[in-house]
Amino acid sequence: MHIVLQLIPKKYLIGGTLILLGLSGLLIMSTIVAITGEFEKDSQQNEVTEIEGGGIGVGTANVSPEVMKYQPLLEKYAQKHGLDASYVPIMMALMMQESGGRGNDPMQSSESYCGSVGCISIPELSVDKGVLHFKSVLEKAHYDLKLCLQSYNFGGGFINYVMKNGGKYTPELAISFSQLQYQKVKHTGNYHCVRPEMVPYSACYGDAKYVDAVLKYYTGTITADGKPAAPASGGSGGKSGVKVIDAGKTLIGKTRYVFGGGRSQSDINAGRFDCSSFVRWAFEQVGMNVGPMSGVTTDTLKTQGQAINPKDMKPGDVVFFDTYKIDGHVGIYVGNNQFLGCQGKTGVAIASMAKGTYFGERFNGRVKRF
């Protein structure tokens, strides 16, 4: 080998060495970029896109984890189709009634999209076309939200029927429309009453109680313009805010922080919580459901309630902090720059969020009133 190297001119040896060094450098850089990309991908996986100024979650959707996972897509397509994002919780409730978040057509939008059941086999397409159909029906219903919901079940003919009979949704009109339509189609044998209580009325076309069925998964009120609104009780920033703080304080000194804890009754009984499960538990004690025990996270909590300017914070409002990720920590504001939360070293405790403190430097300005 030594003899061979001597026979090769030096300029070729130098050139070859430089080429090898260059290729090695490219290989190392490619590896670093790939690893960095994976880290970035992992850090972004759990983030939920929020539409600024959209009023997301003014009301609260009380739905299963299977439906909850579709929230980012519902927000995405609400923005795409120009639908106010305050309707997202209502659409989550609608999806809960339609499918429980299961199957390839979770919004059951095949028929409105292509005229036949089962033509959609991609969940994201179902959400896309379901949101578009919801918006279309809402506009045709002149933003009568209950009329919109019932028409999502009955079809657009119900809107025309209502407009000829007072112009406003009523449960009685839903029953009479179902009766009329059933008389037209019962000879086919393809229709039967989905609700036994409708049998005496022969109201077996669609689900005449669809509005109630959807709204049982939604906590909130509906304003005159048809938009969902926060509960009329005044929310967590009022008297109930003091109550939720009092409920949360009962766990001070009795818990320990466990990431992912608090999502089963055995965890709760043993005093194992993390930040979001503690907040959910505290609100449950005052009769407010802010999400399922098994599926609550900071990302689900941040889309609930009404957005509040930090200058207007009141005891009982929910505050968020950027820790290991955006909105990585959550607690309940108690006043005087302090919040009640479940922290790593203390378990449930009152901590400072004043300027210069650990949480004060990480408070991101997100405040929600449940």
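Me: Hi! Which residues do ring pairs link into a cluster here?
Reply: Hi! In this predicted model, ring pairs join F154, F158, Y161, Y169, F177, Y191 and Y205 into a cluster.

Me: Nice. How many aromatic pairs does the structure hold?
Reply: There are 18 aromatic pairs. One of them is F154 with F177, a tilted pair with 5.2 Å centre to centre and 45° between the planes.

Me: And where do F154 and F177 sit in the chain?
Reply: F154 belongs to helix α8 and F177 to helix α10, 23 residues apart, so the pair links distant parts of the chain. Both F154 and F177 are buried.

Me: OK, new topic. What's the strand order in the open sheet of 6 strands?
Reply: The order is β7-β12-β8-β9-β10-β11, with antiparallel pairing. β7 and β11 stand at the edges with a single partner strand each, so one side of each has no neighbour in the sheet.

Me: Which helix packs on the sheet?
Reply: That's α14, residues 275–285, which touches β8, β9, β10 and β11. The direction of α14 makes about 45° with that of β9.

Me: Last one: how many residues of helix α5 are buried?
Reply: 9 of the 11, so α5 is largely enclosed by the rest of the structure. Among the buried ones are V88, P89 and I90. Just after α5, G100 takes a positive phi of about 65°.

Note on methods. Residues numbered from 1 in each chain as written. Predicted model: local features only at pLDDT ≥ 70, side-chain atom pairs only at ≥ 80, totals over all residues. Heavy atoms only, no water. Pairing = 2+ DSSP bridges. Helix = DSSP H or I, 4+ residues; strand = E, 2+ residues; numbered from the N terminus. Contact = heavy atoms within 4.5 Å. Axes fitted to C-alpha atoms, helices over the stretch in contact; angles between N-to-C directions. Buried < 20%, exposed > 50% of the residue type's maximum accessible area, 1.4 Å probe, protein only. Phe/Tyr/Trp six-rings, centres within 6.5 Å; stacked < 30°, edge-to-face > 60°.
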